[in-house]
Amino acid sequence: MAEASSAKKTTLNDQERDLELQAFIEFQKADYHACYQTLQKLLKSQDSNPKVLHNKAVVEFYNSDLRRYDQFRSAMIQLTGLVGEIRTVAVKDRESCAAYVNQAIVLYHFKQPLAALKIMLAVMAHFDRLDDYLLRRAGIFTVHLLLDTNQPKKANRLLGMLQNRLGIQVYAILSDSDEDEPLIDNESRKDISELQFEEFRKEFRLILIRSNLLNGKKNMSIPLEDTSEYSILKGHQYFLGNDYQMAAKELSKQFTNDPVSVNSNGEDQNTILANNMGVIHFSVKHYALAARFFQQALLFDKSATEDTSTEKVEGSPLYCVGATKRPEILYNHGLALLHLERPKEAFECMLIVLNSNHNNPRLWLRLAECCIMVHRQEKQTQNTSICHGTVGCGVHRKYVLNPSPKTDVLDGDQSLAIPATTLEFGSLCLRNAVTLLEFHEPELIRQTESTDKTVAWDKVYEGVPCNPSLPMKMVSFNKLKCAVLAAYSYVLNTLGEYSLALKYAKQMLAMQDLPQSYLLLSHMYAAEALIMMNRPLEAITYLEPKFITELAGDDFGMRASPHWNINSADAARSVMNYNRAVVSFLIGDYEQAKISVSNCNHPLVMPYLKMLNVYQELLLGNYDKVQLLIRYDTPHLI
């Protein structure tokens, strides 16, 4: 990164300019030892020149085979003044841009892409004043950061600016030959060698294809090269077009290029291929196969990166540091395990991802769903029979009914913030998700309603960031909000926080275009909270017969899954009638209760209906019928 050495400083005399040019030529030839000696001569008269100090640090870094990155990082920090957490960046002049770019590169390899992007956006503020040599590298790097942080619209706009500034022929970029049309105007490439130009051409072509794919251009032409880079992009194109079979076939090819490895390229080809195959199988609901591919990807990643560590002073080169894809793969693996009903293993995967993506509301919801699934699996093991046992014998025999489930209360010394698959920690996760959604919602609404199309390229709104998953627009945001509020209301009801459960159930009811499945849940959770707060007359208003009869079946059928038992309109109406019967008994309206019970004809509610029938007969004084119901349900106790 000796970009700054090509620029001229007016305070240099002729001899110093000659030394500067000589150092630049030696650097281009990769003769770093000679370049260092030349810079040492220049430093005798320019010992306080920041550009010379920067170039000396760059040459020393290259001379160490890119291994002394701690020393290089310290040198860049001294030149830029950016220490610790980077909140705002202001690049005062273009002469210092090279140092900022290099610090951003170090941050990127240390898995801090957002901090690196802040720096690069400040550098790009000098877009029109940067020389072509630096702009080519800084521009492509900024596009790469934007795509890695799921901001494809900004990346596409910046690519367009680079094409105009550098004179890049868009229609020639994807061709296999440059005989007819040059890719870049000769005037714009006079400062780089043919080898450097070919490297730039390949990099620009790959980044352009990737940007177009992420911006939804599914039908674009991709060069027919059987290399791993283009096959992965072609597979991505098939994947976006929902042609999963061709996507898998493309990734299974025999590639003509040498395998891409961490030691030579900073990425591992096998890791990426295994992860992408897992995503393809996940998309067609082959969750077991997807989980197997993700496990394989984790093994490949571990094998490829086990010798690289950010703790080494002179260990692996900088491009090997941070080469791991483990957080992204673990996120995918956790989702597959959650669909396989293995919530405890999924929880462990998600926790690791949380370290680097704690601002993702989707991730907090997934952690809560792991906790809820563990709770439901434990609940399914409970005895659902009417009778728990008997006491005495003969005419003195007495039946002991099953007690109602108790709400677990944690010991006061136990912290709820300790990660565990409990509903208490699930409640904390959902509270974080709600907080993040409330923080982003005003800006999302403002940007959605905005009609300004002339906004600057770096101000384009991409949606609510959810790295490593895609950002959310209004439709996906509302879907996530429904899911979070429903899960939060359920968890709070189970934990005995009824007033808060009612609050979030009402918030869900206030949402526009609420799907019927969530409409059903919001009514049920609101009614349950009111019943538990001894307000049955208010609760029954959420269980009106008119609302029950208007429930349609399309939405329930679409959401049918092993975790969603209410998969038809009949099931939904039976559940609501059962709840209405319970409330009617509580307020003493036995006739209405009987009508509601008679409408409960779905197998889903039968286990709960048994106990309700016993309660009904006890209220009416029909003890013989109670004994008969118990004997039918538990004949082994007769």
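# Loops and rings

Visitor: Where is Asn-534 found?
Guide: Asn-534 is found in the loop between helix H21 (516-532) and helix H22 (536-539). Helices here are DSSP runs of H or I with at least four residues, numbered from the N terminus.

Visitor: OK, what am I looking at overall?
Guide: This is a predicted model, where local features need pLDDT of at least 70 and side-chain atom pairs count only at pLDDT 80 or more, while totals for chains, interfaces and linings use all residues. Residues are numbered from 1 along each chain as its sequence is written, and side-chain values use heavy atoms, with hydrogens and water left out.

Visitor: Back to Asn-534, then. What's its phi?
Guide: About 60°, a positive value, although Asn-534 is not a glycine.

Visitor: And is Asn-534 buried or exposed?
Guide: Asn-534 counts as exposed, at 66% relative accessibility. For this label, buried means under 20% relative accessible area, exposed means over 50%, and partly exposed is in between (1.4 Å probe, protein chains only).

Visitor: What about Ala-30, what's its phi?
Guide: Near 65°, which is positive in a residue other than glycine. Ala-30 lies in the loop between helix H1 (14-28) and helix H2 (32-43), and is partly exposed with a relative accessible area of 43%.

Visitor: Which residues does the cis peptide bond join?
Guide: Asn-467 and Pro-468, with omega about 10°. Pro-468 lies in the loop between helix H18 (423-449) and helix H19 (474-495).

Visitor: Switching to rings. How many aromatic pairs does the structure hold?
Guide: It holds 16 aromatic pairs. Rings of Phe, Tyr and Trp (its six-membered ring) pair if their centres lie within 6.5 Å; planes under 30 degrees apart are stacked, over 60 edge-to-face, and the rest tilted.

Visitor: So why is the pair of Phe-27 and Tyr-62 edge-to-face?
Guide: Because their planes are at 80°, with the ring centres 5.1 Å apart. The pair links distant parts of the chain, Phe-27 in helix H1 and Tyr-62 in helix H3 (residues 50-63), 35 residues apart. Phe-27 is buried at 8%, whereas Tyr-62 is partly exposed at 25%.

Visitor: Which residues form an aromatic cluster?
Guide: Phe-27, Tyr-32 and Tyr-62 form one.

Visitor: Last one: which ring does the charged end of Arg-73 sit over?
Guide: The ring of Phe-110, 5.0 Å from its centre. A charge sits over a ring if NZ of Lys or CZ of Arg is within 6 Å of the ring centre and within 35 degrees of the ring normal. Arg-137 lies over the face of Tyr-133, at 4.2 Å from the ring centre.

Terms used:
Helices (H or I, at least four residues) and strands (E, at least two) are DSSP runs, numbered from the N terminus.
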